[in-house]
Amino acid sequence: MDKRMIYMDHAATTPLHPAVLEAMLPYFHDKFGNPSGIYSVGREARRAVEEARETVAWVLGCKTDEIIFTSGGTESDNTALKGAAFALKDRGRHIITSEIEHHAVLHTCHDLEKFGFDVTYLPVDRFGLVSVEDMEKALTDKTILISIMLANNEIGTIEPIPELNGLVKSRTKDRGVIFHTDAVQGVGTIDLNVDKLGVDMLSLSAHKFCGPKGMGVLYIREGTRFEPVQSGGAQENKRRAGTENVAGIVGTATALKLAAESRESNTAQWQSLRDRLIEGILTGIGETRLNGHPTLRLPNNVNISFRYVEGEAILLNLDLKGVAVSSGSACASGDEDPSHVLLAIGLTPDVARGTLRFTVGASNNDGDVDYVLGILPGIVDKLRAISPLADVPGHTGGANV
């Protein structure tokens with residue numbers, strides 16, 4: 001077994017940045033106070049929380065009191081949708097989302113349907129894009145809430161959020177329709193200024209940008225109607241009860257600042273690696289296809305379907321060679337059903353199951369790409385040779401599935 005470790009699953013999680021760990025450490029021991037305490041050690045913790053809030057607000061281009069710290073992207077999505085839906089139920093009960101949202105959004109919408117809310121799940125085109133025309137058709141006078149992700153976690157397609165939001169605001173005028181975006185995959189590569197995006201609510205997850213696991217951010221624009229979904233205390237300006245995770249909050253703000261400051265350099269580096277991977281796989285291995293938009297995609301995302309072979313089998317063989325990739329969303333690992341995202345863009349179940357996602361990050365370089373491109377064709381050829389699905393030609397070619 002090769003002892004090297006090439007990690008290409010940064011969309012699933014990222015390693016904690018050393019500077020983030022350094023910033024967090026004092027708040028585990030020496031500065032351990034409860035931010036609600038009025039004595040000195042409590043005030044010290046409170047200052048750390050509020051300074052972190054200022055940092056997050058700086059990155060998002062918003063006010064500090066528009067930021068809520070949560071336990072992660074899933075809680076942020078749940079809180080945003082449920083908090084807005086229940087606050088606006090007197091105006092209507094219609095919600096719009098897309099078929100390719102993260103399950104944190106889709107399952108929350110399913111829950112809201114049990115409470116009498118009507119949800120429209122917009123289709124996407126073959127690249128995974130939501131169209132402005134479909135959004136316009138879906139709007140009704142009962143629409144109160146819209147949730148469209150900024151970038152898809154599986155195929156990397158970046159949605160036209162400013163255009164979609166502009167259409168919604170122009171058509172609904174003063175009805176107060178809330179627009180939420182799950183921006184979990186956008187940190188470090190997309191400008192998250194909330195005014196440029198035009199959104200009313202935005203969700204983030206710290207471990208996707210070299211921050212701590214179990215931490216997230218929810219932005220709620222001032223004046224947005226919102227009903228807290230967690231009770232038990234007055235923390236986070238009475239919007240999210242529970243003693244603050246001071247170390248996690250400090251780490252989240254530190255990681256977000258670092259990601260924002262390195263956004264341009266990261267984008268250039270990762271896009272170069274991404275494009276080399278795409279070209280090398282498509283030209284070096286036959287019966288493959290790129291999923292997601294060819295240009296409107298995250299600079300670190302490569303999602304490829306390999307016909308006549310199971311993606312999980314390729315994944316396990318790559319793992320034996322010291323390469324870590326994904327066969328889909330990390331939150332759906334172990335699920336035998338094909339990816340709902342891949343089915344939504346038109347793939348058959350068999351092709352969807354033969355899909356891998358490579359997501360590069362700060363630890364990757366050209367040598368990593370060379371290594372993957374050197375071993376992947378042989379792995380695919382070996383698996384296809386024993387596949388019961390079909391007899392296929394060798395790996396030369398590059399025809400789309």
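Reply: Happy to. A helix axis here is a line fitted to C-alpha atoms over the stretch in contact, and angles run from 0 to 180 degrees between N-to-C directions. Please keep in mind that this is a predicted model.

Let's begin with helix H11, residues 311-320, and helix H14, residues 366-385. Their axes lie 10 Å apart, and the two helices pack at an angle of about 130°. An angle over 145 degrees would count as roughly antiparallel, and 65 to 115 as roughly perpendicular. H11 and H14 are therefore oblique to each other. Their crossing is right-handed.

Which residues of H11 and H14 meet? On the H11 side you will find Ala313, Ile314, Asn317 and Leu318. Facing them from H14 are Ile375, Leu376, Ile379, Val380, Lys382 and Leu383. By class, the contact of H11 with H14 has eight nonpolar residues, one polar and one charged.

Now look at a second pair: helix H2, residues 40-60, and helix H9, residues 246-261. Here the axes come within 9 Å and cross at roughly 25°. Angles under 35 degrees count as roughly parallel, so H2 is roughly parallel to H9. The crossing of H2 and H9 is left-handed.

H2 brings Ala45, Ala48, Val49, Ala52, Thr55, Val56, Trp58 and Val59 to this contact. From H9 come Val246, Ile249, Val250, Ala253, Leu256, Lys257, Ala260 and Glu261. Sorted by class, the residues in the contact of H2 with H9 are 13 nonpolar, one polar and two charged.

Where does Ser326 lie? Look in the loop between strand S11 (323-324) and helix H12 (340-344). Is Ser326 buried or exposed? Its relative accessibility is 7%, so Ser326 counts as buried. Leaving aside residues up to four places away in sequence, Ser326 touches Asp9, Leu315, Thr355, Leu356 and Arg357.

Last, a word on cysteines. A disulfide is a covalent bond between the sulfur atoms of two cysteines. Taking a pair of cysteine sulfur atoms within 2.5 Å as the rule, the count comes to zero disulfides. Cys62 has a relative accessible area of 16% and is therefore buried, while Cys210, at 22%, counts as partly exposed. The line between those two classes is 20% relative accessible area.

Terms used:
Residues numbered from 1 in each chain as written. Predicted model: local features only at pLDDT ≥ 70, side-chain atom pairs only at ≥ 80, totals over all residues. Heavy atoms only, no water. Helix = DSSP H or I, 4+ residues; strand = E, 2+ residues; numbered from the N terminus. Left-handed = near helix turned anticlockwise from the far one by under 90°. Contact = heavy atoms within 4.5 Å. Nonpolar A, V, L, I, M, F, W, Y, C, P; charged D, E, K, R; others polar. Buried < 20%, exposed > 50% of the residue type's maximum accessible area, 1.4 Å probe, protein only.
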